[in-house]
Amino acid sequence: MVDGGGRWGRRTLLRRSALLLGGAALGSAATLESARVADRRLPLAGGPASATLGNRRQDVGSGGVQVVWGVRTDTPLVALTFDDGPRPQWTPMVLDTLAEHRVPATFFLVGERARRHAALVRGRMGGHEVGNHSWAHHDLARMDATKAHDDLSRSHDAITAATGAAPRLLRPPWGHLGGSVLHAAARLDYRLVLWTLQMVESEFPHDPDGHARRIVADIRPGTILLGHDVGDERRLVALRGLPDMITGLKARGYTFVTVSDLLRHAAGPGAAR
């Protein structure tokens, strides 16, 4: 409404401004949401980002999945883990070192490699633990829920056949946790295991002793330590220093355990970190 001077009344101006601003905000929100969905170019259910299969029943084993990086404990325990094997180059070296020092470890095996190199691990996993590290070390977080499950199920069967032990732990390649990975892990009743500390071979080129000292100094009770028994030449720094790493940690009072044994020492509800 306009007053006698041809000007809008104050109340009318405020009301119309509010309506215009509200409409603009709604339009912007709708545009942003549309862009967000379009930019993802991912299905809203069952795709890599989704931990559900939409309106379908969620058939997920025990109904949940635990993700752990380590545990809280006052007991000097450490879980030594190796990813990406088995392969002939270095897996036997690692197993020989562990046997010599009577140290258990957890091996996150790649299913295709476990099938191809089953002779490397058959009969040698006594005292050790095996976990699933995917079928061919592809990024599970880029797969949809069905493909991630099929990949891990195929790897599970190959690892079981090669080692005689069914894996109950999963470490996805590169630690990538898409929603589809969570869904597949729950379906297979896996625990998802990442790591507290990773070996840093590139920082100690040609210096196995220095690398061993660095790792020994950085370990804390409840650590899950990530190493590799497959890879390029630089990783030999860690593997050649493995005996010194083991003796150094034992000298600090540490006991080596498998990941599952470490998790049993967690200090109660909410202890995983």
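How many bridges join strand S2 to S8? I found 6 bridges between S2 (residues 77-83) and S8, and the two run parallel. For the record, this is a predicted model, where local features need pLDDT of at least 70, side-chain atom pairs count only at pLDDT 80 or more, and totals for chains, interfaces and linings use all residues. Residues are numbered from 1 along each chain as its sequence is written, and side-chain values use heavy atoms, with hydrogens and water left out.

My terms: helices (H or I, at least four residues) and strands (E, at least two) are DSSP runs, numbered from the N terminus. Strands pair if DSSP finds at least two bridges between them.

From S7 the chain goes through helix H7 (residues 208-218) to S8, a right-handed β-α-β crossover (clockwise from the first strand over the helix to the second, with the strands pointing away from the viewer).

Then burial (under 20% relative accessible area, exposed over 50%, partly exposed in between; 1.4 Å probe, protein chains only). In S8 I count 6 of 6 residues buried. Thr223, Leu225 and Gly227 lie on one side, Ile224, Leu226 and His228 on the other.

Last, helix H6 (residues 179-187): 7 of its 9 residues are buried, among them His183 and Val181. Just after H6, I noted a positive phi of about 55 degrees at Asp189.
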